[in-house]
Amino acid sequence: MKILQVTYKLPFPQHDGGAYAVFRSAESILMLDDCELKVLSMSQIKSGEDINCVPANFTRQTNFEAVAVDNRFLFRSAICNLFKKSSYFSSRFANAAFARRLRDLLQSEHFDIVQLEHVYLGQYISVIRAYSNAKIIIRTQNVESQLWESNLKNLPKRQWLYRAYLGIQLPRLRREEVKWLNEADGVMALSDADQKEFIRFGVGCPIAVVPISASLDEGRSPLTPVVYHLGSMDWIPNQLGVMWLLEEVVPLLRPSIGEARIHLAGKNIAQYKSFIQDGLVQIHDHVVCSLDFQRDKGILVVPVLSGGGIRVKIIEAMAMGKVIITTSAGGKGLPIRHGENAIVADRPEDFAEAILKCLRSSDLRSRLGQCAYETFLEHFHIDRVSQRTHSFYKTILSC
């Protein structure tokens, strides 16, 4: 079985959930003995992605190649898009050079399955149909229109212009999302919640739930009383969540937290230094390896207020046996059980209290961390995800 994985971004470096998800998807395919994998990626100029970051062994295993795509958010282009029917979100991923390379690849090689690693790549389905008989699977990152709808609801009212623009774009995005998913032969959703949403939208093709995997490479780490958050600040849900943490939760912690510190890391986190009033919050803006950053920290906080899909950072933390404190939105789509494998708190005072309890009790940290690790083994270990992937491939090829 020959698989062409088409990705909307490079799988390396894994500084954000998107890159991590793309890599883990490829990794799960590589574990299948009867599958040969080829990877064609967009290299996003917007994110400053560099193909030299892709390890030689991954390039060799996947015959990897990439095409540079300029998908920067440009004000003029955003305004011009208002006079078109397409959404600006997806149009930034329309690229003639990428389409030509995809066409040439399909003409020169036979593939049984073409797997598109984002719904935005659905706009290339017509190219695939024209030059290949391969089955097409879209592996979604989340319910994209629902994600932006959630972002819109949580944007401050003072950002009225941005809110108005999103209000225009959302119906277009929803139409495109449903159209492209229905044009595919199959859809891989990351969670049961996403699958239900797609069915509610009227997506009629087979939909399988195939979550993001993790491996045991992360390794268990000590459950130290150290609090941290890790996430790219290019993503609106992370921006809103971190601001909520700094403005609503941290002030409640100051009188009681003692010598403990909260460590914030991730792409473009440095812009939040101006919000730090004392030494309680530590900013780490040059994290080379996310796993190394996490190893000596035992308590992950995920203060997400909006967004769809699933939080990659939570799966990774489960694989490392961490304590997880999150919100209802942060745990959405994940097998989170409040008080068993994580703590869920939506009010600032409850979130602050959860942090203090976990800092003070090693027994609580041990119990939550062990249960989180068992949840990882049951749902997200790469062996299980690979089996699900293979089963869905067989189903689609038999249709």
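# Reading rings, a helix, strands and a cavity

Guide: Lys 297 lies over the face of Phe 293, at 4.1 Å from the ring centre. The model is predicted. A second case has the charged end of Lys 2 over the ring of Phe 111, 5.2 Å from its centre.

Visitor: How many aromatic pairs does the structure hold, and how is a pair of rings described?

Guide: Two values describe a pair of aromatic rings: the distance of the centres and the angle of the planes. This structure holds 12 aromatic pairs. One of them joins Phe 23 and Phe 58, with 6.0 Å from centre to centre and 50° between the planes, and is tilted. Phe 23 belongs to helix 1 (residues 17–30) and Phe 58 to helix 2 (residues 56–62), so the pair links distant parts of the chain, 35 residues apart.

Visitor: Are Phe 23 and Phe 58 buried or exposed?

Guide: Buried means under 20% relative accessible area. Phe 23 has 16% and is buried. Phe 58 has 3% and also counts as buried.

Visitor: Why is the pair of Trp 244 and Phe 351 edge-to-face?

Guide: Planes over 60 degrees apart count as edge-to-face. The planes of Trp 244 and Phe 351 stand at 85°, with the ring centres 5.3 Å apart, so this pair is edge-to-face. Trp 244 is in helix 10 (residues 236–253) and Phe 351 is in helix 13 (residues 348–360), so the pair ties together parts 107 residues apart in sequence. Both residues are buried.

Visitor: Which residues do ring pairs link into a cluster?

Guide: Phe 12, Phe 23, Phe 58 and Phe 64 are linked in this way.

Visitor: Which way do residues of a helix point?

Guide: An α-helix has 3.6 residues a turn, so residues three or four places apart point the same way. Now look at helix 12 (residues 312–319), which is mostly covered, with eight of its eight residues buried. Among them are Lys 313 and Glu 316, along with Ile 314 and Met 318. After helix 12 comes Gly 321, with a positive phi near 70°.

Visitor: Where do the side chains of strand 3 point?

Guide: In a regular strand, side chains alternate between the two faces of the sheet. In strand 3 (residues 65–69), Glu 65, Val 67 and Val 69 point to one face and are buried. Strand 3 pairs with strand 2 (residues 36–44) in the parallel sense over five bridges. Within this pairing, Met 42 stands opposite Val 67.

Visitor: In what order do the six strands of the open sheet stand?

Guide: The order is 10-9-8-11-12-13, with parallel pairing. Strand 10 (281–284) and strand 13 (343–344) stand at the edges with a single partner strand each, so one side of each has no neighbour in the sheet. Strand 8 (residues 227–230) pairs with strand 11 (residues 299–302) in the parallel sense over two bridges. Tyr 228 stands opposite Leu 300 in strand 11.

Visitor: How many cavities of 30 Å³ or more does a search of the whole structure find?

Guide: The search finds one. The largest cavity has a volume of about 30 Å³. Its lining includes Ser 25, Ser 28, Arg 139, Val 385 and Thr 389. Helix 1 and helix 15 (382–398) are the elements that give two or more residues to this lining.

Visitor: How do the lining residues divide into nonpolar, polar and charged?

Guide: Four are nonpolar, four are polar and one is charged.

Conventions. Residues numbered from 1 in each chain as written. Predicted model: local features only at pLDDT ≥ 70, side-chain atom pairs only at ≥ 80, totals over all residues. Heavy atoms only, no water. Phe/Tyr/Trp six-rings, centres within 6.5 Å; stacked < 30°, edge-to-face > 60°. Helix = DSSP H or I, 4+ residues; strand = E, 2+ residues; numbered from the N terminus. Buried < 20%, exposed > 50% of the residue type's maximum accessible area, 1.4 Å probe, protein only. Lys NZ or Arg CZ within 6 Å of the ring centre and 35° of its normal. 1 Å grid on protein atoms, 1.4 Å probe; cavity = no way out; pocket = protein on both sides within 12 Å on 5 of 7 lines; lining within 4 Å. Points joined across faces, edges and corners; volume = space filled by probe spheres on them. Nonpolar A, V, L, I, M, F, W, Y, C, P; charged D, E, K, R; others polar. Pairing = 2+ DSSP bridges.
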